[in-house]
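Let's walk through this structure together, from its domains down to its ligand. Keep the 3D view open as you read.

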Amino acid sequence: MTEENNLLKKNLERIKEDLDDLQRYVDDLTMFLPLAFCTVNPLNLILGVNQSFQTLTGYDEMESIGNSIDFLFLEKSKVQELKEEMPVQKDSIQKEFVLLKKNNEKVPVSVSTLARRDNNDNFLGYFLVITDISETKEFQKKLEERVSEKTKELEIKNVEVTESRLALLNILEDVEDAWKKAEEEKNKTMAIITNFTDGLMVFDRDNVVRLINPKIEKFFYISSEEVINKSLNELKDSKNMLPLIESLSESSLFQNGNGSTDQFRAELVNKDNLTLDISEVSIINEDEKIGSLVVVHDITREKMIEAMKSEFVSIAAHQLRTPLSAIKWTMRILLDGDLGELNEDQKGLVEKTYSSNERMISLINDLLNVTRIEEGRYLYQLELSHIEDIAVPLIESYKTEIKRRGIKFNINIPKKKTPKIATDVGKITLVIQNFIENAMKYTNQGGVMELNISYNKEKDEIEVSVKDSGVGIPKDQHGRVFTKFFRAKNIIKMETEGSGLGLFICKNIVEAHKGRVWFESEEGVGSTFYFSLPVRSQEEFDDFLKKL
Ligand code: ADP
């Protein structure tokens, strides 16, 4: 029995030793566990702490053991909750606290507790593990800051986007306004075009019709559908459009160049007997032709008034010519002494009256010529002649007068006779006469005059010019030189006689001969007036006669 007892005792001792070893082992283990750790009894007093606990809290084993866990944390009420929960708690609890370290530093910690119970489930206390979560908290704080920063950025971006959207909406509104305005302008322009009293026709750069107004439809008996999007050539197939297209044949529409800014003009009479003035001008944008505009203007009324004016002038001139001729012959009789010799004073007086009368007759003749030209009654009697045979005797007849005016005079004609040309001698004489008289009138004493005749073989034409060193024509008036009643400003002061009809008649005469007339002039230096006439073969001449 004692032996048995001894054996039992021995075994118990060994178990106790083993248990002690195990306890030491557990103590060592908990001692060096990296987590801060303490054991707490049911009264919440600390029984043991490990090394990590001491490091984290700053309290050593002696300072900790026997203390209530309250002293470790800032929030005492939360600790109370924990104390109350622990005895009934089966699982572990985890809560966040603020640890009050020995040095008064406050550290956010996570506290995990696990209840200790015996075999009969009696509550023995608990383990308390404290984990420093300051870094996690810091990280969380930073993360929150970052999130709030990002949120702010996003908000700013959002504001920017909203602003951009608003700006875009504003722009869109502006664009819409501009568009509306453009549309209004377009409508206005279209209304003007539609109601325009002239006919308007717009061609694009490829000579395709893009727009016509109702007036064109009316003038030419066409509808816009027949014309829009048709090319010039296609328009020729339309019987109603043909006259208009033909009248434009010399315009820039038919020239393949880049177009010119010069306006082209023509006239035609339509089915309703209306006289229409056709003008065409290139539409140029940034030096490039982008189309053409054709304007058709009804000039029937102007034509009628013009015809009435011409008729009036013609009647008045005819009426005046008869008494003027009677006066002329009466003077002649007086001057010739048929009614007895006149004394010097009487003769001088009658001579002056005679030359004034002559000037009046010449003015009346000019007026009559102009009305004949305008009425198409200025008939031509053509014959083949050498221009020298007309010009040289004529200038000879002016020699004395030119000399009397103190003007030097030269004639330059080719040695070899120039080819014959078809002329109405009387009318070409009028042209040369007019050139000579102008040069004489508008050249001061001491000046020089020159008659030049030449044959241009290349162009096969005869060129005649009268040059002077006279007063010249102001540059700003060059464009009006060949128009009716034109008299330049600088000669009006000179008080020379003149009607402003001479050059208009000259131009008509030369152009009726299919020739050209032009001039060069510089104020204060002098002028040269030219005309050229084409040389024709006998057949061409016969042909030309037939067409007259
Ligand atoms: P006018 O009867 O006035 O001479 P013209 O038709 O012959 O009429 O000439 C028209 C105008 O042209 C003249 O009034 C004058 O201003 C100008 N002119 C014509 N020839 C000359 C010239 N040789 N020198 C200067 N001016 C000229």
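## Domains

Domain bounds here come from an automatic or database domain assignment. That assignment gives the chain domain 1 (2-194), domain 2 (199-298), domain 3 (302-375) and domain 4 (383-547). Between the C-alpha centres of domain 2 and domain 3 there are 47 Å.

This is a predicted model, where local features need pLDDT of at least 70, side-chain atom pairs count only at pLDDT 80 or more, and totals for chains, interfaces and linings use all residues. Residues are numbered from 1 along each chain as its sequence is written, and side-chain values use heavy atoms, leaving out hydrogens and water.

## Around the ligand

## Polar contacts

Now look for polar contacts, which are pairs of N or O atoms within 3.5 Å. One oxygen atom of the ligand is 3.0 Å from a side-chain N or O atom of Lys-441. Backbone atoms take part too: a polar one of Leu-503 is 2.8 Å from a ligand oxygen, and an N or O atom of Gly-500 is 3.3 Å from a ligand oxygen.

Terms used:
Polar contact = N/O pair within 3.5 Å; in protein donor to acceptor, adjacent residues only side chain to side chain.
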